[in-house]
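This briefing concerns a predicted model.

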Amino acid sequence: MNTIKISLKNKTGADKILSVYWFAILFIVAGGVFAMVYMFYSSPYDVRDLEGDIMANLLADCIVDGGKFNSSIFNEEDIMGKCHLNFKGNEEEYYFEIGFYEFNGFNLDENKKILSEPIAKLSGGFVNLLSDCKIQENKEYGKISKCVEKRFYSLDETGNQFIINILSIVRKTQQNAPR
Amino acid sequence: MHHDKRQKPKVLVSSSMLGQTKGQVAETMTWVVATIIIIVILVISVYAASILSDAVKILSGSDSIPLRERGDFTGKESLLAILLTNSGEKKVFDQLNLDGKTDAFSDNLFDEVLKNSKDDFLSIDLSRDEFEASIGVGSNLILIEKVRINQDVSLELNLKILQYE
């Protein structure tokens, strides 16, 4: 009678399978790490809020000096030139609006939305972006323009009191919005 | 009757060998479970990375730079305008410089300016000396902007942290 003895102590085959397994795990883990890094760094930084903030500060700095402004600015026709703003190449990406409101009788609703009418308004940029802010009055959406609003108290040269509201809008969704 | 002389080989398996087979099965199952755990952790990590990449990368003035360091430019302009506002025959600045304290007009003006501001969590406070300022701007207030009126008195725009949070 032929007899075959199986020796289970011979683990050469098992070791080979185990090393293949280890390589598979190594590739899976490496692939996972690569996927994580790629996903994290492939999405762009959204700096539109900062851009809007900077534009609003620049406009405030341009029209007000030491808490006062000159009311001749109401008739300024080239506010962008005066404030050294240049949207060349990005004409449809930016919009700003500066509203001058009388301090006495200035009204807000419960959501801090302005009810009063401005006595003067200056604006520049692509006006169609304004509708993006109206859409986002109750909820913010990532893939349309970002709206930054700043409001502060100021005086004209004769001491009349005003509230100045600066709205700056930045679209630039392709460069900033997550895919 | 034909007899096949070639007989099938007989495999001898001892009881100790059977025990080793069971051990191998157990070991294999351990690796299978370990593999599944590794893959699950990886999938969770990749998903978390995709969520974080959307959430963390939105930079705004309020989270990228601490307010204490950034300041508030328009807030500063408001403070300066308050100081230049005429309160009867004197400016608010003169009143604060003389008495070191607010009167009804300036208190009302502070309230109105804050009411009409964009943020609910700001406050305008008067500090009479550095010591008081350091105590006043303590656990629940962050100093954003400060206009010094004289050696002892400052007008400050503060952030109320409790309301903010």
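Which residue forms a salt bridge with B:K118, and how far apart are the closest N and O atoms? In this predicted model, the partner of B:K118 is A:E149, and the closest N and O atoms of the pair are 3.8 Å apart. The count of salt bridges between chain B and chain A is one, while the count of residue pairs in polar contact, with both residues at pLDDT 80 or more, is eight.

**The interface between the chains**

- On the side of chain B, 47 residues are in contact with chain A, and on the side of chain A the number in contact with chain B is 49.
- The two chains bury about 4500 Å² between them, and 67% of this area lies on carbon and sulfur atoms.
- Of the area that chain B buries against chain A, 17% is supplied by B:K57, B:N116 and B:K118, which is more than any other three residues supply.

**Which parts of chain B face chain A**

- With eight residue pairs in polar contact across the interface, the elements of chain B that give two or more residues to the side touching chain A are β1 (10–12), α1 (15–55), α2 (61–64), α4 (73–84) and α6 (104–115).
- Among these elements, α1(B) gives the most to that side, with 15 residues.
- Sorted by class, the side of chain B that touches chain A has 21 nonpolar, 15 polar and eleven charged residues.

**The sheet of chain A**

- Five strands of chain A form an open sheet with mixed pairing, in the order β2-β5-β6-β3-β4.
- Because β2 (68–69) and β4 (120–125) of chain A stand at the edges, each with a single partner strand, one side of each is left without a neighbour in the sheet.
- Strand β5 of chain A, residues 146–156, pairs with strand β6 of chain A, residues 161–170, in the antiparallel sense over ten bridges, and A:V148 stands opposite A:S168 in β6(A).
- Helix α2 of chain A, residues 48–63, packs on this sheet and touches β2, β3 (94–102), β5 and β6 of chain A, its direction making about 145 degrees with that of β6(A).

**The sheet of chain B**

- Three strands of chain B form an open sheet in the order β4-β6-β5, and the pairing is antiparallel.
- The edges are taken by β4 (122–127) and β5 (141–148) of chain B, each with a single partner strand, so one side of each is left without a neighbour in the sheet.
- Neighbouring strands of this sheet are turned against each other by 25 degrees on average, direction ignored.
- Strand β6 of chain B, residues 154–160, runs antiparallel to β5(B) and is joined to β5(B) by seven bridges, with B:K146 standing opposite B:E156 in β6(B).
- Helix α6(B) lies across β4 and β6 of chain B, running at about 155 degrees to β4(B), and α6 is also one of the elements of chain B that give two or more residues to the side touching chain A.

**The surroundings of A:M80**

- A:M80 has its place in helix α3 of chain A, residues 79–82.
- Not counting residues up to four places away in sequence, A:M80 touches A:L85, A:F87, A:F96, A:G124 and A:G125.
- The C-alpha atoms of A:M80 and A:L122 are separated by 9.6 Å, although the two residues are 42 residues apart along the chain.

Terms used. Residues numbered from 1 in each chain as written. Chains lettered and ligands numbered in written order. Predicted model: local features only at pLDDT ≥ 70, side-chain atom pairs only at ≥ 80, totals over all residues. Heavy atoms only, no water. Contact = heavy atoms within 4.5 Å. Buried area = accessible area lost by both parts, 1.4 Å probe. Salt bridge = Lys/Arg side-chain N within 4 Å of Asp/Glu carboxyl O. Polar contact = N/O pair within 3.5 Å; in protein donor to acceptor, adjacent residues only side chain to side chain. Helix = DSSP H or I, 4+ residues; strand = E, 2+ residues; numbered from the N terminus. Nonpolar A, V, L, I, M, F, W, Y, C, P; charged D, E, K, R; others polar. Pairing = 2+ DSSP bridges. Axes fitted to C-alpha atoms, helices over the stretch in contact; angles between N-to-C directions.
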